[in-house]
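I opened my notebook beside the model and went through it place by place. Here is what I looked up, in the order I did it.

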Amino acid sequence: MTTSGPLPVSIRETLAGKHILLTGASGFVGKVWLAMVLHNIPQIGRIYILLRGKGRGVKERFEKIVNESHVFKPLHEAHNGRMSEFMSQRVEVVAGDVSQPHLGMDPDIEARLLQDVDLVLNCAGLVDFNPDVREALASNVGGAVNVGDFIENSDHASLLHVSTCYVAGHRDGFVPETIVTDQTPNGTPITAEGELRTLHEIIAAVEAENDDPATETTLREDVVRRLAERGHEGDYKRVTDMVTRLKRKRLREMMAKAGTDRAKVLGWPNTYTYTKALAEQLLAARADRVRFAAFRPAIVESAIDFPFAGWNEGFNTSGPLVYLAGTWFRHVPAAAGNALDVIPVDSVCKALSIVACALLRGEASAVYQCGSSDRNFLPIDRLTELSALGHRRHLREHGNGALERLILSRWDALAADPEHVLNVTNIRKLMGQVSRYLKHGLPEKIPSEVREWADDVSKTTETGVRKLRQIEEVLELFMPFTYEHFCVFECRAIDRHPALEPEFRFAPEDIEWRSYWLDVHMPGVRRWCFPEYEDKPKETYAPKTPFRLLDPPRLAPPETARESLTFSGG
Amino acid sequence: MSAKPTAAFFRAEGVLVSSGVMQAAMFMAGQRAGMRERALRFGQALASAPLFGLLGQNDRTLGNRVAHLCYRDMTEDRIVVLSEEYVDDVLTEKVLDSGIELMRRAKADGHRVVVLSEGIAEIMDRVREKWRYVDDLVCNHLEYRSGKATGKLLDPVIGGYEGGKWLAQYAAEHDIDLARSFAYAGHGPDLLLLSAVGHPCAVNPDFTLRKAAREADWPLMDYKA
């Protein structure tokens, strides 16, 4: 009997001895990929880590990352006292910045890397949804262009560029694994070069408006009036300082708005997806000179098993929604049946390794989407209910007092229409009114105990109002994904490259969502992400023997690498 | 003497636990997603309780179908999570130690221990994890479509007169010597189950079974803990 389909490829053998330049190594995906590859493929050639900073500062920054992040726990445990030797043989930290020409590298180092590097894995990028458009442009677009330049000038390197599935923008239905280069999601004809020019014009116009003397005069008058209201008489220097700060803040806000507005006009939900799409288009336009593949993860979430179950960090998409489901707020704006395309970070890193191998073997497609909606659909209403059930489980045992254990645990969040009467905006307004009444509306002749109580409640309510405002902003950002659009991202290109090693097998269809969400993801975000939302200190890792990057870098001869493999494999 | 293996069959409700499917149904109905749904389904469960009581001694199959109607449109995720909660918070308190002791002795005597329950698999599978003497568990299964319960039970429905037929089939499949086997049950419709084995025992029997057990001269056991 004959079997059809491609033959499995050994990820380990393909990556053995290969030199990789990694950007964005301090990010969520970059760190997990680095740790995963070093852990599973010790025979890798050299991984150059491009980090922002200068001189020894970069090295120390990398050491701090490796020593404090739990991602590197499996590596520390596997190599224990020999971690410094192990890492120094395989990793070289390079000072640079993707947003700068020549990646901001020292010319000698760049020249060496242009010869040595087989593959650039570009994980760098600004993942804030609505940042200052200048920063997004520099990092997401400029970064891709500069990395493209590096590839074009290199001896033989290929580029694996990490993008996002959501470059698809405001659209419904099945999203194929292709790059659309001539139009925006809403059908507006576009060329990436032309759009880049337009964006620079917009930025220049915003800057000019902010630098306009009339703007400064208005701000100055405003500052003087406010100081006078508070009984202060501002001297010239103080007023000038305040105006400068206000102008800077105003400019950032205007730049964020300009980016969002432009993105929305063209059919993208935010600056992040818009700039990521532009980057893809610019790279696609150079496809004849730059061998590259665009890798588009969907919503990257907690790890299933590497570095360990539940590892997560940062303010990712489902985190705030999950957090919200554990509060008194019940109506999560989401359309039942819409997908929230979640994919565990270790699945993403396995897929990255597979595509890296495909690129190195010259077998890669132009685009790889990496999500679950096409292969293991998870609707947002199910996710909302699972989140509520996860909180229920947690609060029953660990709730603060009877109110949380008995009532809040049963206060299930539901997927609801954003216009629901108990939506977050209405609740915030109501709480604001209560707070104002308690502060200013109570009769003057009331017992002092009642006054104190009212002041306390008012303060608590004000804090609640502030939190609700933040939640409202987050929900607004996520609305395109949770409510407005029904998208399924094709995720099939990767099947053309089956991995030989089970630890690199990409199989989102095997994820059992209930146990993933309840037993892996929720405990993960509760431990690793919620402290960040609540301004609590982050839990840092402390290895028994701290890692130090040995100086100068020790290049591993092939024999040593093989020995290390045996050591590591045991 | 026959070399065939023997078994001890236990009906969970009334013998091993003092709580029945109606309590489970009410618990689930009261924990539905959304206040309106909770009120509606709890009301439905409450209304079906007398009917279940009425049918319990005669057509227990129909009684079970009625009791499980309030699971309709409930997601499998919610049923699984609430089942954990029900077992840990409610059912654990309702376990009859005397019944567990019977099970322990049966196991010690070398019988295969088989538990039959009207409860749904989501609940009983978790209970089974705690009852280490159980070799086999047979219970009811909810029908699901697109991740939601339809409110129907899959056939065969455990709890009715089909228990006797099921037991004969089980004995044939596992080559069990029924004449040397034991059965413990407490409801009228368990008559066929009890009469199929050589050593039947009525435990905490209802009116119908108590009367029948006395007439058949079967041993009777009553315990509350």
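**A tryptophan to begin with**

I started at W517(A), which lies in helix α18 (residues 513-528) of chain A. Helices here are DSSP runs of H or I with at least four residues, strands are runs of E with at least two, and both are numbered from the N terminus. A note on the ground rules: this is a predicted model, where local features need pLDDT of at least 70, side-chain atom pairs count only at pLDDT 80 or more, and totals for chains, interfaces and linings use all residues. Residues are numbered from 1 along each chain as its sequence is written, while chains are lettered from A and ligands numbered from 1 in the order in which they are written.

Is W517(A) buried or exposed? W517(A) counts as buried because it has 25 C-beta neighbours inside 10 Å. I call a residue buried if 20 or more other C-beta atoms lie within 10 Å of its own, exposed if 12 or fewer, and partly exposed in between, with C-beta atoms placed from the backbone. Leaving aside neighbours within four places in sequence, I found W517(A) in contact with L383(A), L386(A), G390(A) and M522(A). Contact means that the C-beta atoms of two residues, placed from the backbone, lie within 7 Å. I also checked L389(A): its C-alpha atom is 9.8 Å from that of W517(A), although 128 residues separate the two along the chain.

**Chain A as a whole**

I counted 20 helices and 13 strands in chain A. Its C-alpha trace spans about 85 × 60 × 50 Å along the principal axes, and 45% of its 570 residues count as buried. Of its contacts with a separation of 6 or more, 83% are between residues 24 or more positions apart.

Next I looked at helix α13 (residues 345-360) of chain A. Of the 16 residues of α13(A), 15 are buried, so the helix is largely enclosed by the rest of the structure. Just after α13(A), G362(A) has a positive phi of about 70 degrees.

N80(A) has a positive phi near 35 degrees and sits in the loop between α4 (73-79) and α5 (83-90) of chain A. N80(A) is exposed, with 12 other C-beta atoms within 10 Å. L103(A) has a positive phi near 60 degrees, in the loop between β3 (91-95) and α6 (107-116) of chain A. L103(A) counts as buried, with 25 C-beta neighbours inside 10 Å.

I noted cis peptide bonds too. One runs from F306(A) to P307(A), with omega near 0 degrees; another joins D155(B) and P156(B), with omega about -5 degrees.

**Over to chain B**

In what order do the strands of the open sheet of six run? I read β3-β2-β1-β6-β7-β8 (chain B), with parallel pairing; strands pair if DSSP finds at least two bridges between them. β3 (136-140) and β8 (220-221) of chain B stand at the edges with a single partner strand each, so one side of each is left without a neighbour in the sheet. Five bridges join β1 (residues 7-11) to β2 (residues 112-120) of chain B, and A8(B) has V113(B) as its bridge partner in β2(B).

**Where the chains meet**

The contact takes ten residues from chain A and nine residues from chain B. Helix α14 (residues 380-398) of chain A gives six residues, the largest share of chain A's side. The predictor gives the complex an ipTM of 0.88 and a pTM of 0.88.
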